[in-house]
There are 2 protein chains.
Amino acid sequence: MTTLPSRPSVAGLSGERFRVVYHLFGSEAEAHAKAMDICLEQTVEFPADLVPAGDIQDSIVGQIESLQAIGPDHYEAIISYANETGGSEFPQLLNVIFGNISIKAGIRVIRLDLSPTLLEAYRGPRFGQQGWRDLLGVQDRPLLMTALKPMGLSAKDLAYIAYECALGGLDIIKDDHGLANQPFAPYQERVERCAEAVAKANAQTGLKCQYMPNVTAPADQIVTRAGVAKQAGAGSLLICPGLTGFDSLRQLADDETIALPIASHPSFYGSLVTSPQNGFSHYALYGQLQRLMGADSSIYPNFGGRFAFSQAECESIVAGCHDPMGHFKPIFPTPGGGMSMANIPQMKAVYGNQVMYLVGGGLHRHSDDLTANARHFIEMIAS
Amino acid sequence: MTTLPSRPSVAGLSGERFRVVYHLFGSEAEAHAKAMDICLEQTVEFPADLVPAGDIQDSIVGQIESLQAIGPDHYEAIISYANETGGSEFPQLLNVIFGNISIKAGIRVIRLDLSPTLLEAYRGPRFGQQGWRDLLGVQDRPLLMTALKPMGLSAKDLAYIAYECALGGLDIIKDDHGLANQPFAPYQERVERCAEAVAKANAQTGLKCQYMPNVTAPADQIVTRAGVAKQAGAGSLLICPGLTGFDSLRQLADDETIALPIASHPSFYGSLVTSPQNGFSHYALYGQLQRLMGADSSIYPNFGGRFAFSQAECESIVAGCHDPMGHFKPIFPTPGGGMSMANIPQMKAVYGNQVMYLVGGGLHRHSDDLTANARHFIEMIAS
């Protein structure tokens, strides 16, 4: 071959496309330019006038399906992409949705509308709400999780807290997400002691409380740590995909040798939502993307706590966790951060039953007796 | 044990601390509250009044080393953390630096000042500028890289472009970062064809042009793909740590069986810099963090191109790639995006010699003869 075809045909195109809803900020002309830019930047990354005619221009380049004003200097664009641009690989799908354009201000991903074939390419949450409830044997009230903290305690002290909380009837006792493999509470010792403590409490209560270790770890150790956790009797796993990469959660959820429910913690990627004209909507990040990764629970900061999420943003997260999405199971929205006895009634009114609450420091505040505190919290959310 | 110690001692504390420089936005009272909040949120994640006295309060909780106004509603805080909070694991180090507080607006990481022990725990860039130059046999001019595009071309067509560019004397020919494992140019076929094409050109020119495949892939396939690349004769690797997770790059760089120079592409994590009061400084994200990951080249959008980085921001990236940082080698700042023949003189004035330029679409614009275009670009940057 001595030259490039002028109209290269693209092999393997199915004709099926997926859609992404973006919000664009600026004047009408700017919004139009941004929409055009997204179509190129997220796919061919090539000057428009140099894109070869034929399949590449007609199918590979993103297409503006609609563009309309929804407020002053605020536009909604729906852009479609050929399935094959993202393929069945999650990192590349993320790249098409929000790769280079993440570096351009005034573009926010609002909602993913994936095609049937793409949805089928991902397993999604292995357990979802119902599967996790079945493991816990709790069907008719919100679930309640706490976190082992503060960092610096020994594995033995953390196991003591785990025991006390499990005795009080909490459903899940997770590692604080800052517990990794530090010298004061090394991973293996912590996991074995805490799993044993929770099992001991379960033997007394007859309940099925789960210990949930944090497997956020170096890339090559995540699955190994999950194996250690499973071996020790942990009932579920915690991971921070902002720290490990979104596809690490996907890999963990897909692993048949692990097969435990997974909670996803929002550490590190807050910048994806803090600026309202950039990044992702709460719905897409804490809802849809978590289900794509395969998380069974999406932890996020509750409204009214020490973070700035609004009630409406939290309600949109609930929708992102619950809304129909192909074969993907609904997962537990898991509001945490600043929960106290005082705001439980308000939370019940907003969240209803299909929720997993995370109470951390608040559990330690009520009294020195963690078991009594745990019982009290459970009673309040069940009543 | 029937209770927790009131002053728990923390095992394994060395007494050494590392520092993070944050910029805080708001009033003086707000800045002070944010600094206090960072100290707790990034470590014990526990209400201040409930933190146990002793080692946890004295060492595990972050400490405000300084807090000063540097502009209206703009403060600089230096906060130190015990080495052991972050440990020698990169995801947890990131978690301490910018975990939960990523979800709070008005906090930006400006600079990392890691302790000697922490720096020693990371290998950093395996090649750095000098090591990579030695492999290429080019010592005295900026390096020049291009990207194979547009997406949709077959492996055969991409290999043809690679051949033409290598013949023209380019130093590195990388996959466009959107080339993953799509049906139109499957990874293995593409890598074998492109590596072969570049080797063929090298045999003619006597140069050591490198083909650099994109190993951004599902978490469990990154190292495998890098092995395929090495086997095929690829000279270096491209990865997008925003898509794969920062620690995936670290793992790849540390892998003794791969041991190829790595370029890091900025896809997906632009939101970490687009809002000036959140996320990371350009210096920290595109400089320091890349070296911690082990990247030998940090790709970022050049000023004056189609992204909005300022010249000052780009110069700070150069500093982050070059500044002394323990044993870490200086790496190549790699400005790309919108480079053209026209702006080469300006880029030379700003960047000098210790830079790797990335020219994409611009290489295709000059004329239809890619080999001649490549030669012309090389001559211009070498003159």
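## Backbone features in the loops

B:Asp73 lies in the loop between strand S2 (63-71) and strand S3 (74-82) of chain B, where helices (H or I, at least four residues) and strands (E, at least two) are DSSP runs numbered from the N terminus. Although B:Asp73 is not a glycine, its phi is positive, at about 55°. This is a predicted model, in which local features need pLDDT of at least 70 and side-chain atom pairs count only at pLDDT 80 or more, while totals for chains, interfaces and linings use all residues. Residues are numbered from 1 along each chain as its sequence is written, chains are lettered from A and ligands numbered from 1 in the order in which they are written, and side-chain values use heavy atoms, with hydrogens and water left out.

A positive phi also occurs at B:Ala259, where the value is near 50°, and this residue sits in the loop between helix H11 (246-254) and strand S9 (262-264) of chain B. With a relative accessibility of 22%, B:Ala259 counts as partly exposed (buried means under 20% relative accessible area, exposed over 50%, and partly exposed in between, with a 1.4 Å probe and protein chains only). Most residues other than glycine have a negative phi, and most peptide bonds are trans. A cis peptide bond, with omega about 0°, joins A:Lys149 and A:Pro150, and A:Pro150 is placed in the loop between S5 and H7 of chain A. In chain B, a cis peptide bond with omega about 0° joins B:Lys149 and B:Pro150, the latter in the loop between strand S5 (143-148) and helix H7 (155-167).

## Salt bridges within a chain

Side chains of opposite charge can pair when their charged atoms come close. Here a salt bridge is a side-chain nitrogen of Lys or Arg within 4 Å of a carboxyl oxygen of Asp or Glu, and by this rule the count over all chains comes to 28.

In chain A, the closest N and O atoms of the salt bridge between A:Asp254 and A:Arg250 are 3.1 Å apart. These two residues are separated by about one helical turn, because they are four residues apart in helix H11 (residues 246-254) of chain A. A:Asp254 is partly exposed at a relative accessible area of 27%, whereas A:Arg250 counts as buried at 13% relative accessibility. In chain B, B:Lys104 forms a salt bridge with B:Asp37, with the closest N and O atoms 2.7 Å apart. That pair links distant parts of the chain, 67 residues apart, with B:Lys104 in the loop between helix H4 (90-98) and strand S4 (107-113) and B:Asp37 in helix H1 (residues 28-41). B:Lys104 is buried, its relative accessible area being 11%.

## How the two copies are related

Chain A can be laid on chain B with an RMSD of 0.0 Å by a turn of 180° and a shift of 0.0 Å along the axis, the copies being superposed by least squares on the C-alpha atoms of residues with pLDDT of at least 70 in both. The two copies are therefore related as by a two-fold rotation axis. Of the residues of chain A, A:Gly245 comes closest to this axis, with its C-alpha at 1.8 Å. The same surface serves both copies, since 100% of the contact residues of chain A recur in chain B.

## The interface between chain A and chain B

In total, 87 residues of chain A are in contact with 87 residues of chain B, contact meaning heavy atoms within 4.5 Å. The area buried between the chains is about 7400 Å², of which carbon and sulfur atoms give 62%; buried area is the accessible area (1.4 Å probe) that two parts lose on being put together, summed over both. In chain A, the residues that lose the most area to chain B are A:Ile103, A:Met151 and A:Phe268, together 10% of what that side buries.

Eight salt bridges are counted between chain A and chain B, and the side chains of A:Glu89 and B:Arg225 meet in a salt bridge at 2.5 Å, N to O. A network of salt bridges links A:Asp220 with B:Asp247, B:Arg250 and B:Asp254.
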